[in-house]
Amino acid sequence: MHRLASFLRAALLFAACLAPALGAQAYKQPPAPIAQILDAPATPAVQLSPDRATLLLLERPGLPSIADVSAPELRLAGIRFDPSTSGPTRENNYTAMSLMTVATGATRKVAMTLGTGASIANVQWAPGAQKVAFTVTSGGTITLWVADLASASARQVSARPLNGVLGAPCDWVDAARLACRFVPEGRGAAPPQGGIPAGPIEQESMSGKAERAATYQDLLKSPTDEKLFEHFATSQLALVSLDGRLTKLGAPEMLRRVDASPDGRYLLVDVIHRPFSYQVPLQYFPTRSEVRDLNGTVVKLVIDRPLVERVPWRGDATIPGPRSATWRADVPSTLAWIEALDGGDPEVKTPKRDRLLLLDAPFSGAARTLVETEWRANGVVWGKGDLAIATESQQKERKVRQWVIDPSLKAAPRLLWERSSEDRYGNPGTFVTTRNANGRAVLLLSPDGGSAYLNGDGASAEGDRPFADKLDLASGKATRLFQSQAPYFEQPVAWLDDRGSRLITRRESRTDVPNYWTRDLVRRMAPVQLTKFADPAPQFAGVTSQLITYTRADGVKLSATVYLPPGYDKAKDGPLPFFLWAYPLEYRSREAASQVVGSPYRFVRPTGASHLFLLTQGYGVMDNPTMPIVGENGKEPNDTYVEQLVASAQAAVDTIVAMGVADRGRIGVGGHSYGAFMTANLLAHTRLFKAGIARSGAYNRTLTPFGFQGEDRSYWDATELYTAMSPFTNANKIKDPILLIHGMADDNTGTYPIQSERMYAALKGNGATVRYVQLPAEAHGYRARESVGHTLAEMVGWLDRFVKPRKPNA
């Protein structure tokens with residue numbers, strides 16, 4: 001009876017497939033209980049206050065409607081925004097907030113009066129942790145609001161419309177003022193679109209230099225686009241007091257960033273200006289980084305970068321000259337920035353690639369060099385006057401170094417460690433920061449200043465076991481203060497003191513919903529639960545999981561999580577139809593590629609268009625079977641991409657069949673983005689799978705000619721490789737059914753919708769069994785409730801038709 005029901009459902013879902021072209025169709029609903037889970041309330045997001053005394057609980061809405069997702073937006077210079085609000089589209093937002101006292105667990109709802117359909121975003125704690133700033137989008141405008149912890153209430157600070165086109169519009173200057181970007185007064189109507197063309201659009205390259213760039217989306221394409229971008233990107237900078245008073249600073253301009261100095265005396269601003277480009281997005285447009293005082297006067301021009309159309313290419317490349325200007329977090333007003341010593345070109349032979357410079361207020365003297373790095377500098381975590389942690393990396397070789405440096409220059413830099421960046425087992429963790437009195441993130445140090453703290457994943461052969469360490473900075477010796485223990489997966493979130501004695505964690509298990517807890521590591525009391533979030537999908541409670549390891553034919557060790565549907569009994573039910581969902585990654589060593597990924601103690605519930613929903617429909621799922629592509633002994637990983645991919649897939653299939661849970665004749669494969677690329681390749685080069693599902697992929701590598709994923713050779717450097725790796729080239733070899741799904745507004749680099757359009761044409765032209773679903777208004781990930789539901793309905797229907805039956809239906 002169950003088999004008959006599955007057949008009828010598949011027949012209904014795919015009856016229209018008999019027609020050669022379908023055109024626009026109504027959105028489908030996925031079968032129960034998937035629809036009910038999609039419509040369940042979302043678990044709140046959590047933010048910890050700078051003083052670590054309060055949890056801010058942010059209520060999240062459910063999936064947006066297709067009406068919201070498809071609302072008019074402009075796509076210019078690599079960004080997308082709503083012309084009616086001058087704010088971003090497709091952002092995550094909130095609907096309400098509550099305050100929880102960490103010491104007691106007492107919770108208070110923040111009182112505020114919002115209009116129907118209003119949304120909260122850009123939530124930011126003030127220095128001192130007594131106020132929270134946020135924006136409210138309502139009635140076609142974005143306005144500034146502030147919540148007060150003492151009264152647990154929030155109010156609108158100013159009704160003036162904010163401009164969020166180029167990012168979060170406000171930044172705290174001090175505990176009483178913010179610097180905000182507003183829509184300029186009298187901005188007027190936007191430049192008209194369309195009309196009679198004034199002439200052709202022309203571009204040229206006359207320098208003789210190789211000016212390579214990735215395949216970016218949403219670029220400027222015409223003078224009209226340039227005018228529209230400038231119109232909406234221009235904002236008026238002003239200081240805003242909590243009583244609503246505004247003080248304008250200068251004239252309207254295209255402000256990409258406004259960052260107050262820790263002492264609140266200066267503003268570091270990034271200003272975009274013409275000429276624009278039709279080849280690269282706005283982050284490469286000409287930009288001035290300036291220090292200004294609170295009257296709007298320019299005090300120091302830090303960086304004046306011209307247009308960059310020769311985009312950094314290859315793993316360790318960067319823009320030439322100075323970059324990444326920021327404030328040193330541990331002192332009142334000192335600038336820090338990085339400068340390339342090799343012109344940004346990793347092929348240049350030089351003993352030092354970068355240097356880090358500092359310049360103190362009033363910024364009239366010469367900058368001093370803090371440190372020079374042999375590899376590419378990645379930034380600094382500031383601690384105190386004589387302590388900071390600097391990081392440099394060599395991406396191509398997957399190497400990273402961290403140094404203990406002295407900003408006072410009284411001591412030479414001291415190497416803390418050098419390691420492989422892809423070695424998860426040997427990762428010492430990430431330095432823990434805390435917010436200082438100025439609200440800036442600085443190293444959390446022990447009371448004597450001699451030790452810092454590290455949080456890490458704790459990757460091991462048994463799976464991830466998150467930890468918290470205390471690191472003696474003089475000796476480099478780490479002391480383990482906490483580590484997650486079975487049957488829990490427990491992650492350190494924040495220390496509640498600087499002695500390493502009290503900790504907030506996020507704890508979960510296979511059956512326990514993730515919640516926040518406090519731990520006293522000195523008194524070793526039982527942990528105290530703070531939040532009490534409910535199971536968002538109790539229908540999933542019967543699902544079982546197992547973290548497994550197995551070995552590829554060449555000796556590389558692999559891992560995956562195997563999920564089995566509720567109520568499954570291997571002895572009674574026998575082997576199941578199975579679905580593999582994966583994403584290949586490149587490695588420089590087989591040792592790193594062989595490391596276990598994941599934990600057996602996670603609380604797993606599907607969200608969005610997750611493949612795990614298939615567990616509710618009688619399928620087993622092999623989630624994230626590792627598909628490492630290893631390059632060793634002078635070879636690049638992709639030199640043997642197809643061979644390694646096939647070997648990994650073969651090992652995965654053989655393993656779940658040997659476990660007795662999968663029917664070898666009823667296994668499907670799927671993936672998203674690079675996982676879709678993998679799926680099409682596996683169908684082209686094996687007959688391991690009865691069908692595939694490829695979502696938002698790139699299939700023709702000639703359309704990404706200057707590199708993709710970890711591949712930094714160009715098409716002209718490695719023509720044969722690009723050809724061999726492209727599923728489009730091998731479309732005539734795909735003999736098993738494949739479902740292509742793609743967002744029609746995909747803005748991800750390289751995966752523009754024409755990739756699926758051309759792949760469908762190639763498959764159809766070669767007689768393949770293929771279905772191509774285009775999701776209106778959706779980007780690289782799918783957001784609308786209708787789109788997510790339809791995607792899952794398509795996935796279930798496709799697998800019910802071509803994988804689940806013991807004899808595939810014609």
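Which residues does phenylalanine 689 touch, not counting residues up to four places away in sequence? In this predicted model, the contacts of phenylalanine 689 are Leu580, Ala649, Val653, Ile667, Gly668, Val669, Leu682, Leu683 and Asp736. Phe689 belongs to the largest nonpolar core, which holds 58 residues. Together with Phe578 and Met622, Phe689 touches the most other members of that core. A second core is separate and contains 32 residues. Among them are Phe540, Phe613, Tyr782 and Phe802.

The overall fold was then described. The protein contains 11 helices and 47 strands. Its radius of gyration is 28 Å, close to the 28 Å that the globule rule gives for 810 residues, so the protein is as compact as a globular protein of that length. Along the principal axes, the C-alpha atoms fill a box of roughly 80 × 75 × 60 Å. Of the 810 residues, 55% count as buried. Contacts were also sorted by sequence separation. Among those with a separation of 6 or more, 59% are made by residues 24 or more positions apart.

Surface and charge were considered next. The accessible surface of the protein is about 34200 Å². Carbon and sulfur atoms contribute 51% of that surface. The protein carries 91 positive and 81 negative charges.

The loop between β22 and β23 holds two residues of note. One is proline 362. The peptide bond leading from alanine 361 to proline 362 is cis, with omega near 10°. The other is phenylalanine 363, placed in the loop between β22 and β23 (368–373). Phenylalanine 363 counts as buried because its relative accessibility is 2%, and buried means under 20%. Its contacts, leaving out residues up to four places away in sequence, are Tyr266, Val291, Val299, Lys300, Trp327, Ser333 and Leu335. One of these, valine 299, is 64 residues from phenylalanine 363 along the chain.

Glycine 343 sits in another loop, between β21 (334–340) and β22 (354–360). Glycine 343 is partly exposed, with a relative accessible area of 42%. Not counting residues up to four places away in sequence, glycine 343 touches Thr318 and Pro320. Arginine 523 is 180 residues from glycine 343 along the chain. The C-alpha atoms of glycine 343 and arginine 523 are separated by 55 Å.

A further cis peptide bond runs from alanine 486 to proline 487. Omega is near 10° at this bond. Proline 487 occupies the loop between β33 (478–483) and β34 (488–495).

Positive phi angles were also examined. Alanine 129 has a positive phi of about 65°, although it is not a glycine. Alanine 129 lies in the loop between β8 (119–125) and β9 (131–138). At 0% relative accessibility, alanine 129 counts as buried. Asparagine 624 likewise is not a glycine, yet has a positive phi of about 50°. The loop that holds asparagine 624 runs between β42 (620–623) and β43 (628–630). Asparagine 624 counts as partly exposed, with a relative accessibility of 31%.

Conventions. Residues numbered from 1 in each chain as written. Predicted model: local features only at pLDDT ≥ 70, side-chain atom pairs only at ≥ 80, totals over all residues. Heavy atoms only, no water. Helix = DSSP H or I, 4+ residues; strand = E, 2+ residues; numbered from the N terminus. Buried < 20%, exposed > 50% of the residue type's maximum accessible area, 1.4 Å probe, protein only. Contact = heavy atoms within 4.5 Å. Rg over C-alpha atoms; globule rule 2.2 N^0.38 Å. Areas by Shrake-Rupley, 256 points an atom, 1.4 Å probe, with all protein chains shown as cover. Lys, Arg positive; Asp, Glu negative; His and termini not counted. Charge placed at Lys NZ, Arg CZ, Asp CG, Glu CD. Core = buried A, V, L, I, M, F, W, Y, C linked by side-chain atoms within 4.5 Å.
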